Amino acid sequence: MYSAATESLIKQAREIKEDELQKFYIRVFKQLHAKDLGGDTVDSLQRLRLILSATKYTREIPSDLVMKLQTILCSSACPEQLHVLSCSILREIFLSVSSLSNLSHDHRTISYVASVVLSQAGNKETVLPLCHHLLKSLESRLSEGQISKHALSILSRIISVYPDILTDDQVNLVSRKMVDWLRYASMQQGASVSSGGFFSAPRTRQPAPLTEVDGVVTGDFFTVLCVGQSYTDDQWMNMYTFSMIRNWLLTYDTDGTSNAETALLKRTYIQSQHQDDRSEVDSSVMSMVSATSSSSRLLPPKERLREKAFEYCQRLIEQSDRKALKKTDTELQKACIVEAVSIMDIICGEDPSYVYRAFPSIKALYGRLNGDLAYTRALLPIAQFYLNHSEMAAVDSEAVFRQLFGHCPAEQFNEPMLAFEFTQFCLLNASTLQTRVTGYRQSFPNLLKFLAWNSPGLISEFVELLPSLVAPDTAIELLHTILDLPCLAAALDLQHRSAFYQTSWDQQGAKVAACLDAFRQPSHRGLFLYILRPEAGTGDTIDRLKMLHEILGDMAEIPRVVRCAQVIPVLLHVYFNTVTQMADQKLMNQLMLVLLERSSLLYNIKTFNAEVQRVFSTHLQTLCKLYPPLIVDQSRELLDFAGSPSNIYSKEDFYTHVVWVIGEYLSVSYDPRCSVELITSFFESLEAVLFEITQVRQSASPPSFSPRLITVLMTTLAKLATRSQDLIPRASLFLSKMRLFARSAPVISCYSEEDTEEIITRAHELINLLKLPNVAQFVLAPAAGVDGPRWHRDTNTSLPQSMRTVSTLLQRHSSLLPT
């Protein structure tokens with residue numbers, strides 16, 4: 001939300017009149033031609049930028065003003081603030097980028113010009129002049145080396161959008177340059193100027209050697225982890241190259257083994273440095289990357305870039321083992337580990353011959369970082385490396401993934417960036433994890449901790465991820481876990497507060513403190529241990545779930561818990577859509593039982609119960625449609641549920657759908673086990689419920705249920721009566737009393753006239769149908785498949801004629817309902 005002042009400025013910018021706008025353009029144009037481009041010019045350009053960006057449509061500005069802004073954009077003499085404003089303005093309008101083809105070679109302006117060109121470019125041809133200029137600047141040896149730094153970063157952006165913009169020769173050119181910058185940067189610090197004191201002139205200090213992060217003088221080639229007070233231009237290019245090497249390798253992936261000569265040169269190079277790739281465990285990484293082989297220079301540029309990038313990454317892994325003197329260097333080490341392992345993973349994917357050289361370093365790195373929570377994010381690229389290459393190297397990766405899925409989510413669920421990256425890792429590798437990592441699907445209690453703590457920020461990711469976690473053997477426990485996710489959010493909140501001894505972080509401090517005391521009580525330890533369990537397999541749910549809901553009752557209004565509850569309906573839809581595609585008869589029956597049980601056993605959060613029951617209602621119909629014998633299989637549980645009027649008042653929508661599926665699918669046409677006795681049992685149970693809720697007493701309170709429930713109950717009774725015709729007189733007698741109910745004072749005071757007429761009309765129609773049992777059975781309980789499109793289009797079928805017959809009969813007997 002914007003502040004009131006900002007909202008006012010945006011509104012003014014949107015509502016400015018055209019004549020005022022033209023005058024403003026003229027004023028800005030005059031200000032830009034003044035000798036002194038001061039504060040007034042900056043203010044005017046800021047306002048112009050706001051006017052252009054405040055509307056959804058693109059405004060047109062005079063061409064002379066556009067040309068002046070382009071001149072400022074390419075001028076090295078203008079202040080940087082004007083460059084920024086000119087760039088942002090030109091990006092908001094339609095612009096022919098051909099006018100910017102004559103680009104400046106100044107390092108301060110090229111990035112702004114490139115930003116405008118890339119924002120306006122509609123195809124590869126539009127960007128070609130910029131790309132050619134960048135490549136030319138990379139080849140040139142200018143006195144100001146900074147331009148190459150900007151050129152490299154802009155080139156990385158271009159290839160991300162247009163990967164085919166470079167020819168093979170241009171790719172080779174950049175690859176050769178990157179090899180030089182990566183491997184052959186200078187080893188001395190850049191020259192720095194120091195003040196010679198108050199009375200003496202500044203003097204230039206002699207270059208000093210670079211140091212490692214622990215203060216030791218660097219003895220090998222330069223990397224981003226080498227420390228200095230200032231850096232030379234080629235050292236800066238080294239850093240820029242490392243930052244874009246991953247994108248470059250992914251964009252220009254080549255199979256190094258396709259060319260026999262290249263493969264032979266590469267094998268020669270590797271053998272000259274390592275007699276046995278598998279013996280690298282005892283070798284020094286530093287000595288390995290220090291060796292320079294003349295045969296490596298014979299490799300094609302892309303292959304040589306791989307080799308030097310691989311050496312660079314191994315040196316970074318060695319440097320990351322040093323104890324940094326500064327905290328910022330420690331954070332840099334973590335980032336470099338992530339990037340280096342990711343680059344090595346790409347290189348090994350492009351050329352499998354690197355796998356045996358990489359695994360000793362990766363394995364040693366994992367052994368060093370495993371168990372250190374500060375380096376958890378670095379474990380993700382290591383796990384990715386194991387996932388991609390462990391089979392080729394015959395390395396057991398089970399321990400890696402047991403650590404990753406067993407401990408990371410449980411101990412660092414409150415790290416938002418880790419949660420996002422962890423979820424992205426699972427999404428990227430979902431199919432592989434399902435087939436190769438045995439504990440992946442059993443780890444969903446841990447994975448859902450990320451969602452419980454960080455929802456709804458991760459809801460879109462978990463919507464994609466959830467289907468990969470559904471399996472027949474864990475489907476029921478997963479459903480219970482999804483329903484208990486708000487409880488998990490509350491328990492995680494209490495666990496986090498308990499660890500930091502903070503009991504009153506919000507206005508509900510007293511209530512939270514009471515829950516925190518319960519969390520610490522030994523008698524409740526089992527409940528919380530279950531809800532915080534790290535993996536599946538300990539049971540479907542807990543018997544004392546209602547007690548847990550009572551313990552966590554005061555946490556139901558905590559914002560984190562409320563936000564978590566809001567994502568459950570979405571997850572439930574995804575879950576049921578997935579599980580119904582793989583469910584067998586046994587699982588279908590288990591799902592039905594869970595729906596009946598959990599419809600009244602949910603965490604008491606505002607609107608949460610109603611939303612979950614609405615989802616249950618939708619998928620209850622789907623389950624019964626897929627497997628109609630469910631009604632007979634679960635007849636005892638359905639009788640208990642449908643025969644209890646209390647269910648109407650706590651979950652009317654779900655109860656209504658249960659009654660509907662009973663009337664729809666309790667038929668011998670769906671299941672030969674459907675006996676007359678079973679139909680009679682359901683009829684009597686529903687008849688008793690309908691009788692209880694429709695008793696006409698003047699002292700009775702107005703009904704708290706909808707007319708829809710009444711009409712569904714009446715229709716279900718009529719359907720059951722047609723399947724056991726001995727029940728038709730009872731059904732007809734009961735339906736004949738519905739007019740009295742609908743016209744009673746409590747009902748009239750509660751329902752509208754349309755509602756009462758709907759009840760009376762439905763009773764009237766059902767009575768008329770039951771007078772013709774065979775027709776009623778055909779209309780109210782058609783055979784399976786009779787509602788298909790063919791029955792309504794094909795005149796050779798009996799349904800159109802039957803429908804016309806029923807319509808005539810209903811009209812003939814329309815006045816038979818007693819008044």
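The model is predicted: local features need pLDDT of at least 70, side-chain atom pairs count only at pLDDT 80 or more, and totals for chains, interfaces and linings use all residues. Residues are numbered from 1 along each chain as its sequence is written, and side-chain values use heavy atoms, with hydrogens and water left out.

**Aromatic pairs**

- The whole structure holds 22 aromatic pairs. Rings of Phe, Tyr and Trp (its six-membered ring) pair if their centres lie within 6.5 Å; planes under 30 degrees apart count as stacked, over 60 as edge-to-face and the rest as tilted.
- Phe641 and Phe654 make an edge-to-face pair, with 5.5 Å from centre to centre and 80 degrees between the planes.
- Phe641 belongs to helix α31 (residues 635-642) and Phe654 to helix α33 (residues 652-665), so their pair ties together parts 13 residues apart in sequence. Helices (H or I, at least four residues) and strands (E, at least two) are DSSP runs, numbered from the N terminus.
- Phe641 counts as buried because its relative accessibility is 6%. Phe654 is buried too, at 0%. Buried means under 20% relative accessible area, exposed over 50%, and partly exposed in between (1.4 Å probe, protein chains only).
- Ring pairs join Phe641 and Phe654 to Tyr575, Phe576, Phe616 and Tyr655 in a cluster.

**Charges over rings**

- Arg560 lies over the face of Trp453, 3.6 Å from the ring centre.
- Lys334 places its charged end over the ring of Tyr375, 5.5 Å from the centre.
- A charge sits over a ring if NZ of Lys or CZ of Arg is within 6 Å of the ring centre and within 35 degrees of the ring normal.

**Backbone geometry**

- Most residues other than glycine have a negative phi, and most peptide bonds are trans.
- Ser455 and Pro456 are joined by a cis peptide bond, with omega about 0 degrees. Pro456 sits in the loop between α20 (444-454) and α21 (459-469).
- Ala394 has a positive phi, near 55 degrees. Its place is the loop between α16 (376-389) and α17 (398-411). Ala394 is exposed, at 72% relative accessibility.
- Thr607 also has a positive phi, near 65 degrees. Thr607 lies in the loop between α28 (585-598) and α29 (608-626). At 46% relative accessibility, Thr607 is partly exposed.

**A buried serine**

- Ser744 lies in the loop between α37 (738-742) and α38 (745-750).
- Ser744 counts as buried because its relative accessibility is 7%.
- The Ser744 side chain reaches the backbone oxygen of Phe741 at 2.7 Å.

Definitions and conventions. Polar contact = N/O pair within 3.5 Å; in protein donor to acceptor, adjacent residues only side chain to side chain.
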